[in-house]
Amino acid sequence: MVRDNQTASLANLAPGQSFALTGGTVIHDDGSQSLSDIIVGADGRIVAVEPYLDTGNCGACVDITGMLVSAGFLDAHQHLDKTGVLRFAPNPSGTLQGAREAFAKYARTSGPDDILKRATRTVERCLSRGTTAIRSHINVDKDAGFRGIETLAGVRDAEKDRITLQLVAFMTPHPGQDFDWLAQNIDGAVALADAVGGTPAVSEDPPRYLDMLFSAAVKAGKPVDLHLDEHLKADVHLLNAALERVERFGMQGRTVFSHVSVLSALPRADFQRIAERMLALDVGVVTLPAANLYLQGRDAEMLPPRGLTRVAELYRAGITIATASDNIQDPFVPTGSGDMLEIARWTLLAGHLRGDELAAAHRMITSAPARLMGLGKDYGFKAGARADFIVTDCIDTDTLVAGGPDRAFVFSKGRLVSRSATENIRSQEDA
């Protein structure tokens, strides 16, 4: 149980001072847990995480005995340019194509101020719920132009000490889209971004489109993050074409396939063959349970499929798989709060993970996306990493994922950026 003096002490840590948290249970990068002290330097970075540290030189010291500390949650796939537009861009069909058309229409009139207001609000909500890094795909096409990516690049740079934002130049093909426009503008978009992305399944010429994306990524020295096969049509998937380009362009370990819903529609033997190649090429996966549960399978005559990729099988095969929010309150997903623990629970339930794999769901919102996002030494409980973590009143990883904390304190680069509490209200019968 969190004591009142712990709450007060955590809340009163002064920005810009070194401090130590002692006696808490830390979830380490490999998923193990141990009683450890944490020292954070005045620069907002981890100095040490070990038991029984000498904290005498710290500017402040807080005893957090009985509390659990997790590295910051990571949302490896969002769309901050689309967030919060549901009221203005309805999708009556509830389909993926309906969502694309609704946002394309809205994007023609959405200005920088509108994008900034909506994106900033979602970033703040995510941060308040423990998300300390977000990778966001930003449409770049004839409808949206560069408005979204230029606006979010400004947010990324302005907020770098509070939250890590990565931008994916999402070169979006539409029916009738001029390839020449995409080709002429991709280098400029990628220069503003941290990764290169797109959606080959809706391109009118997928091979040419894939070559364009991978070529631009290699030229800029940036990774690739594709919306790949976000459908359930087993006879038209592009997995082999994409994997061939990973190998040909030398993008092993620098490529992420998001969605890959079609894997759940393939015969198991075909899936296993593709999974083995993905593992050999070190290709990561991001599953998006909210979007795929909502959008897929609406045309099924019998019970609709779940729409997710083979989450449990990919995880057990050793492929790095993360889970993420995707869209928040827009035509693609009408719900969403920015709470990655909620997404982890959806992933466990809809992805057929087991009750003894709650810790796996935690890794899918921490260490797995950290690897896919290339955060490296800047993330986790290691010397020199950003001090991005959440202190909660949970007893272990399983209880954190299963039900979430009643009290939580979110630190970003060593500063307390959010605190939340759910108070227990006794009924009149118990009073």
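Which backbone oxygen lies 2.8 Å from a polar atom of the side chain of asparagine 185? The first legend answers this for a predicted model, in which local features need pLDDT of at least 70 and side-chain atom pairs count only at pLDDT 80 or more, while totals for chains, interfaces and linings use all residues. Residues are numbered from 1 along each chain as its sequence is written, and side-chain values use heavy atoms, with hydrogens and water left out.

**View 1. Asparagine 185 in helix α5 (residues 179-192).** The backbone oxygen in question belongs to tryptophan 181; a polar contact is a pair of N or O atoms within 3.5 Å, where, within protein, one must be able to donate a hydrogen and the other to accept it, and residues adjacent in sequence count only if both atoms are side-chain atoms. Asparagine 185 counts as buried because its relative accessibility is 19%, buried meaning under 20% relative accessible area, exposed over 50% and partly exposed in between (1.4 Å probe, protein chains only). Leaving aside neighbours within four places in sequence, asparagine 185 is in contact with Phe146 and Met171, contact meaning heavy atoms within 4.5 Å. Helices (H or I, at least four residues) and strands (E, at least two) are DSSP runs, numbered from the N terminus.

**View 2. The largest nonpolar core, with 82 residues.** Such a core is a set of buried Ala, Val, Leu, Ile, Met, Phe, Trp, Tyr and Cys residues joined through side-chain atoms within 4.5 Å. Met171, Leu226, Leu239 and Phe257 have the most contacts inside this core, and helix α6 (residues 206-220) supplies its largest share, seven residues. Another core, of 50 residues, lies apart from it and includes Ala76, Leu375, Tyr379 and Phe409.

**View 3. Valine 260 in the loop between β11 (255-259) and α8 (268-280).** Although valine 260 is not a glycine, it has a positive phi of about 35°. This residue is buried, with a relative accessible area of 0%. Leucine 239 is in contact with Val260, and, again leaving aside neighbours within four places in sequence, its other contacts include Leu228, Phe257 and Ile274.

**View 4. Aspartate 282 in the loop between α8 and β12 (284-287).** Aspartate 282, which is likewise not a glycine, has a positive phi of about 55°. With a relative accessible area of 32%, aspartate 282 is partly exposed.
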